[in-house]
Structure formats: structure tokens, C-alpha cells
Amino acid sequence: MDTGERIALRSRVLIGRSAACDLRVEDPRVSSEHASLGWTGAIWEVRDLGSKNGTFVGERRLAAGERIPLLPGDRLTLGAPRPPATAFVLADAEGPAASARHVQTGVVRAASAGLIVLPDDENPRASIVEQHDGSWAVEAQGTARLASDRESIVVDGEAWILDLPQRSSSTAEGSSGALALSTIALRFAVSRNEERVDITVVCPDRDIELPARSHHYLLVTLARARLAAAGAPSAERGWMERDELCRMLATDELRLNVEVCRARKQFSALGIQGAASIVDRRMGTGRIRLGVERVDVRRM
């Protein structure tokens, strides 16, 4: 409250004077590990960690080890109930974004539309992708597997710690009126020399023509695989082996990852829920497919 600084919270935040704390407070009234904040999946909770001078919500002092909800507008004070003790106010009670923190530098990459790309968008060696059920998958070295909260993953020899908060039910369900991959179709128009691919996103209430991009050829290749397997069960339709796809596109795995990342970003920009799954990877394998079932491919 004394500086007006806004602090983005991870799902678990340790507060105190120690260098090991996520939120360091340089105040002699504050213990080395004074208090913690945690996201339960629905609300924020604050807990006193046996601090010498106390943790206060409003005028109330928490007992050692006690947890209580922290609601929007609640004032959290460390070391005394009133200034000049260090005080914070919960300005936004929404859940935290999933993120990855670089162990050495502390740099944080926050999820955007269900996607974290590591180490960055231009060098996508690994992707952390939200699944339909709210779980997360790590895509790295050509395969996909389920991710765990607080696990460490190594990308290009450097460690990142994942912070994957539990989703609230309202977040998981989403807005009934929002676009989702399950509610759209894709219409592809391909030039005869295969050098241009136009995509139209067919929504329930309108059509959206996408600006031409190089990754559209990846998407139409995956769409053709879906059409070729039209008679197969839905769960098995359209999967391609990563190595086969790279050969067809005359590319390598890193370039393929770049194209996948750009496709996900383009669809995310449309506000489509689950847009990161526009390109889907099968767990435990190197298989990949288009995440939209209804597709149409025609010549210009």
C-alpha cells in the first residue's frame, strides 16, 4: 500500500525477509518466513507461519498456522495491524495464470490462452499446453506427456519450475457463448501450385477469414490427413507421425515447433477457447493432428 505496486501472484507465495521467499519484505517486524498465500482452486487463503509479530487481516491477528480466506479489498498487514507496518490489499481475486519460472534468473513466462512456450516464442524447444480437462501437457523432444505442478523441466540445459494452479469450475466450464474448437469448422482454399493456403474459420454466427501465414500449409496437411481417415473412429482420425510430417513439409523438428506455436497464437488471438489444441499431440508418442474435426479443402 505504501508504493502502489501491483504484484502478480503465483498459486503459492511465501512472504518474508528471507532470500528464499517469493515476496521479500525488508521490514524488521517481518519474520524470515512470515506468511503464505495460496490458491485453492476457488479462493485465495492466507496463512500465518508462526511469525513473531503476527499476520493481520484487517484488525484480526491470525493464530500460528491458521488459514483464512482473503477476499477482494481485504487488507493484509505483516508485523502489526496498522501502518507503518507493511500492508497489502487483494486487488484482484481471480485465479493465477499458469507459468514457468527460470530457476537461475527468476524470469517468469506466464500462460497465454492455455500455452507456455519455453524458452521463448522464437525458440520453442518445449511447450506447456492446457488440456480440455484442465490438466497440462509438456511437449518436448517430439513427444507429449502430462505435466505436474511444481515440477522442474530442463530446456536447452536450463531448469524451469512449473506453476500449474488448479482451475475453478467456472473457469473450466467457460462461457457458454464463447467460441471453442468444438464449435468451429475450417475451410481451406489451396492454390494449384500449393504455394498459397487461405483459411476461413466457420463459426456458428459468422465466418472469419484469416490473414495468410506460412503455417497454414502445416494445417492443411493435417486437415488432409483427417479427411483421408474419414472412415476411422473419431479418436483415431487424422494422426500423423512427427517424422513423416517433417519429411512432407521438408522441415526439421525445431521449425515444425515454430509453425505449431504460430498456428496456436493465431487462433488464440481470435478468442477461441482451447485454441492451443488447434494442433494436438498424442500423449506418450510423436503423433500429431489437427484439433478441429470439421474441415473442408478445395482448390482456389
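**Reading a predicted model**

Mentor: R213 is placed in the loop between β20 (207-209) and α2. Please bear in mind that this is a predicted model.

Trainee: How many residues apart in sequence are R213 and R262, and how many Å apart in space?

Mentor: Separation along the chain and separation in space are to be read side by side. R213 and R262 are 49 residues apart in sequence, and their C-alpha atoms are 8.9 Å apart in space.

Trainee: At what angle do helix α2 and helix α4 pack?

Mentor: Helix α2 covers residues 216-228 and helix α4 covers residues 253-268; they pack at about 90°, with 9 Å between their axes. Angles of 65 to 115 degrees count as roughly perpendicular, and α2 and α4 are therefore roughly perpendicular to each other.

Trainee: Which residues of α2 and α4 meet?

Mentor: From α2, the residues are H216, L218 and L219. They meet L256, E259, V260, A263, Q266 and F267 in α4.

Trainee: Let us turn to a strand. Where is T77 found, and is T77 buried or exposed?

Mentor: T77 is in strand β8, which spans residues 75-78. Buried means under 20% relative accessible area; T77 has 1% relative accessibility and therefore counts as buried.

Trainee: Which residues does T77 touch?

Mentor: Leaving aside residues up to four places away in sequence, T77 touches G54, T55, F56, R82, A85, T86 and A87.

Trainee: Where is R29 found, and which residues does R29 touch?

Mentor: R29 is in the loop between β2 (23-24) and β3 (35-39). With residues up to four places away in sequence left out, R29 touches H34, N53, G79, P84 and A85. The C-alpha atoms of R29 and A85 are separated by 7.6 Å, while 56 residues separate the two along the chain. At 30% relative accessibility, R29 counts as partly exposed.

Trainee: What should I note about the protein as a whole?

Mentor: The protein has 4 helices and 24 strands. Of its 300 residues, 44% are buried. For contacts between residues at least 6 apart in sequence, 50% join residues at least 24 apart.

Technical notes
Residues numbered from 1 in each chain as written. Predicted model: local features only at pLDDT ≥ 70, side-chain atom pairs only at ≥ 80, totals over all residues. Heavy atoms only, no water. Helix = DSSP H or I, 4+ residues; strand = E, 2+ residues; numbered from the N terminus. Buried < 20%, exposed > 50% of the residue type's maximum accessible area, 1.4 Å probe, protein only. Contact = heavy atoms within 4.5 Å. Axes fitted to C-alpha atoms, helices over the stretch in contact; angles between N-to-C directions. Parallel < 35°, antiparallel > 145°, perpendicular 65-115°, else oblique.
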